[in-house]
Amino acid sequence: MNANELKTKTPDELQSQLVALKKEAFNLSFQQATGQLENTARMRAVRRDVARVKTVLSAKAADAAK
């Protein structure tokens, strides 16, 4: 996921994507706990994607507040 892609989305789309990423992170953590997780790098990627979405959302909120 690229930050430039996220900047073109609306806040509602970003919010729904954030929910989906958090669900995926939750499922990955359960898979890791039960020993079923094969791609451990995916957890890191999802965490970083969540941070990117949150950053873009806060930037859009700051711009809207001006």
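The model is predicted, so local features need pLDDT of at least 70 and side-chain atom pairs count only at pLDDT 80 or more, while totals for chains, interfaces and linings use all residues. Residues are numbered from 1 along each chain as its sequence is written, and side-chain values use heavy atoms, with hydrogens and water left out. The protein has 3 helices and 0 strands, where helices (H or I, at least four residues) and strands (E, at least two) are DSSP runs numbered from the N terminus.

**Overall shape**

- Along the sequence, the pattern reads α-α-α.
- The C-alpha atoms fill a box of roughly 50 × 15 × 15 Å, taken along the principal axes.
- The radius of gyration (taken over C-alpha atoms) is 14 Å, whereas a compact globule of 66 residues would come near 11 Å; that globule rule is 2.2 Å times the number of residues to the power 0.38.
- Of the contacts (heavy atoms within 4.5 Å) with a separation of 6 or more, 62% join residues 24 or more positions apart.

**The nonpolar core**

- Buried residues make up 21% of the 66 residues; buried means under 20% relative accessible area, exposed over 50% and partly exposed in between, using a 1.4 Å probe and protein chains only.
- The largest nonpolar core has 12 residues, among them L6, L14, L18, M43 and V53; such a core is a set of buried Ala, Val, Leu, Ile, Met, Phe, Trp, Tyr and Cys residues joined through side-chain atoms within 4.5 Å.
- Helices α2 and α3 (41-65) each supply at least two residues of this core, and α3 gives the most, with 6 residues.
- In soluble globular proteins, nonpolar side chains tend to be buried together.

**Two leucines to find**

- L14 sits in helix α2 and is buried, with a relative accessible area of 0%.
- Not counting residues up to four places away in sequence, L14 touches L6, K9, V53, V56, L57 and K60.
- L18, leaving aside neighbours within four places in sequence, is in contact with V50, V53, K54 and L57.

**The aromatic pair**

- The structure holds 1 aromatic pair.
- The ring centres of F26 and F30 are 4.8 Å apart and their planes lie at 70°, so this pair is edge-to-face; rings of Phe, Tyr and Trp (its six-membered ring) pair if their centres lie within 6.5 Å, with planes under 30 degrees apart stacked, over 60 edge-to-face and the rest tilted.
- F26 and F30 are 4 residues apart in helix α2 (residues 11-34), so about one helical turn separates them.
- F30 counts as partly exposed because its relative accessibility is 47%.
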